[in-house]
Amino acid sequence: MDLLPENEEAGAVFMMVRGQVISAEIGERRRIVTLSIPAVRDVMDIYGVKDQQRCLGRVMRLWHEMRAKDES
C-alpha cells in the first residue's frame, strides 16, 4: 500500500505494533479492547519519532479503522 509522505512514519510504527493489543474478559470471552500505547511509544522512541503525539493519533486512528473493517 502506498502512503502519503506524511503518513509513512505512522504506517511504519503501525506495522510494528499492530499485534500488541490489550484484551479483557468481557462476559465469558476474552476480547481485544485496544492497541497497547506503551508498545507504540516504545517503537516511536526506537525510530526517533519527533512528533510522537501526532504519530500516536494517526496509529490509533488506523488501528481502530482496521478493527472496524474486521468486525463488519
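Contact here means heavy atoms within 4.5 Å, and the elements are DSSP runs numbered from the N terminus, helices being H or I with at least four residues and strands E with at least two.

I keep in mind that this is a predicted model, in which local features need pLDDT of at least 70 and side-chain atom pairs count only at pLDDT 80 or more, while totals for chains, interfaces and linings use all residues. Residues are numbered from 1 along each chain as its sequence is written, and side-chain values use heavy atoms, with hydrogens and water left out.

I listed the buried residues of α3 as Cys55, Arg58, Val59, Met60 and Trp63. I then checked the length of α3: its 20 residues reach 28 Å from first C-alpha to last, close to the 28 Å expected at 1.5 Å a residue, the expected span being 1.5 Å times one less than the number of residues.

Next I looked up α2 against α3. Helix α2 (residues 37–47) packs on helix α3 (residues 52–71) at an angle of about 130 degrees, and their axes are 11 Å apart. That angle makes α2 oblique to α3, since under 35 degrees counts as roughly parallel, over 145 as roughly antiparallel, 65 to 115 as roughly perpendicular and the rest as oblique. For the residues involved, I found that Ile37, Val40, Arg41, Met44 and Asp45 in α2 meet Gln52, Cys55, Leu56, Val59 and Met60 in α3. By class, this contact has 7 nonpolar, 1 polar and 2 charged residues.

I then turned to α1 and α2, whose axes come within 10 Å and cross at roughly 125 degrees. This makes α1 oblique to α2 as well.

Finally I recorded the whole chain, which has 3 helices and 2 strands and follows the pattern α-β-β-α-α along the sequence. Its C-alpha trace spans about 40 × 25 × 15 Å along the principal axes, and buried residues make up 24% of the 72 residues. Among contacts between residues at least 6 apart in sequence, 49% join residues at least 24 apart.

Note on methods: Axes are lines fitted to C-alpha atoms, for helices over the stretch in contact, and angles run from 0 to 180 degrees between N-to-C directions. Ala, Val, Leu, Ile, Met, Phe, Trp, Tyr, Cys and Pro count as nonpolar, Asp, Glu, Lys and Arg as charged, and the others, Gly among them, as polar. Buried means under 20% relative accessible area, exposed over 50%, partly exposed in between (1.4 Å probe, protein chains only).
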